[in-house]
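Subject: Structure handover

Dear colleague,

Here is the structure I said I would pass on. Please look it over; my notes on it follow below.

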Amino acid sequence: MRGGENVRFSRLGEKRSLYLYIFHPILILFFGVVNNHLLPSAWTEAYAYAGPFVVIVATLLTTWALRRLHVLR
């Protein structure tokens with residue numbers, strides 16, 4: 001990684017780390033329920049590999065959206 005990327009991740013961690021810890025278990029539960037009950041079984045294996053990436057991206061987008069809506073500080 002270059003130095004600029006390290007600064008970007010550092011700022012991201014400073015601003016959103018609390019909300020990442022709060023929201024990621026909720027989103028893991030949500031995506032687990034969706035995967036087990038609503039998606040066909042073919043997606044179960046794909047979710048097993050892509051699930052962590054889906055959860056972290058969804059968590060980042062959720063915290064970003066809630067901050068933009070001024071729900072979070």
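A helix here is a DSSP run of H or I with at least four residues, numbered from the N terminus. With that in place, helix 2 is followed by H70, which has a positive phi, near 60 degrees. Please note that this is a predicted model.

Overall picture. The protein chain has two helices and zero strands. Of its 73 residues, 21% count as buried. Its accessible surface comes to about 6,000 Å², and carbon and sulfur atoms hold 67% of that. Taking contacts between residues at least 6 apart in sequence, 68% join residues at least 24 apart.

Helix 2. At A50 helix 2 bends by about 65 degrees, and a proline, P52, follows within four residues. The buried residues of helix 2 include G51, V55, A58, T59 and T63. An α-helix has 3.6 residues a turn, so residues three or four places apart point the same way. On the surface there is also a nonpolar patch, formed by F53, I56, V57, L61 and W64, with about 520 Å² of accessible area together. W64 lies in helix 2. Its relative accessible area is 44%, which falls between the 20% and 50% cut-offs, so W64 counts as partly exposed.

T63. This residue is also in helix 2. T63 has 0% relative accessibility; the limit for buried is under 20%, and therefore T63 is classed as buried. Its side chain reaches the backbone oxygen of L60 at 3.0 Å. Leaving out residues up to four places away in sequence, T63 touches R16, Y19, L20, F23 and L72.

L72. One of those partners, L72, is found in the segment after helix 2, which spans 42-68. Is L72 buried or exposed? With a relative accessible area of 16%, L72 is under the 20% limit and so is buried. Beyond its neighbours within four places in sequence, L72 is in contact with Y19, F23, T63, L66 and R67. For a distance across the chain, take L72 and R16: they are 56 residues apart in sequence, and their C-alpha atoms are 9.9 Å apart in space.

Regards

Definitions and conventions
Residues numbered from 1 in each chain as written. Predicted model: local features only at pLDDT ≥ 70, side-chain atom pairs only at ≥ 80, totals over all residues. Heavy atoms only, no water. Buried < 20%, exposed > 50% of the residue type's maximum accessible area, 1.4 Å probe, protein only. Contact = heavy atoms within 4.5 Å. Bend = angle between axes of the 7 residues up to and from the residue. Areas by Shrake-Rupley, 256 points an atom, 1.4 Å probe, with all protein chains shown as cover. Patch = residues over 30% accessible without salt bridge, like charges linked within 9 Å, V, L, I, M, F, W, Y side chains within 5 Å. Salt bridge = Lys/Arg side-chain N within 4 Å of Asp/Glu carboxyl O. Polar contact = N/O pair within 3.5 Å; in protein donor to acceptor, adjacent residues only side chain to side chain.
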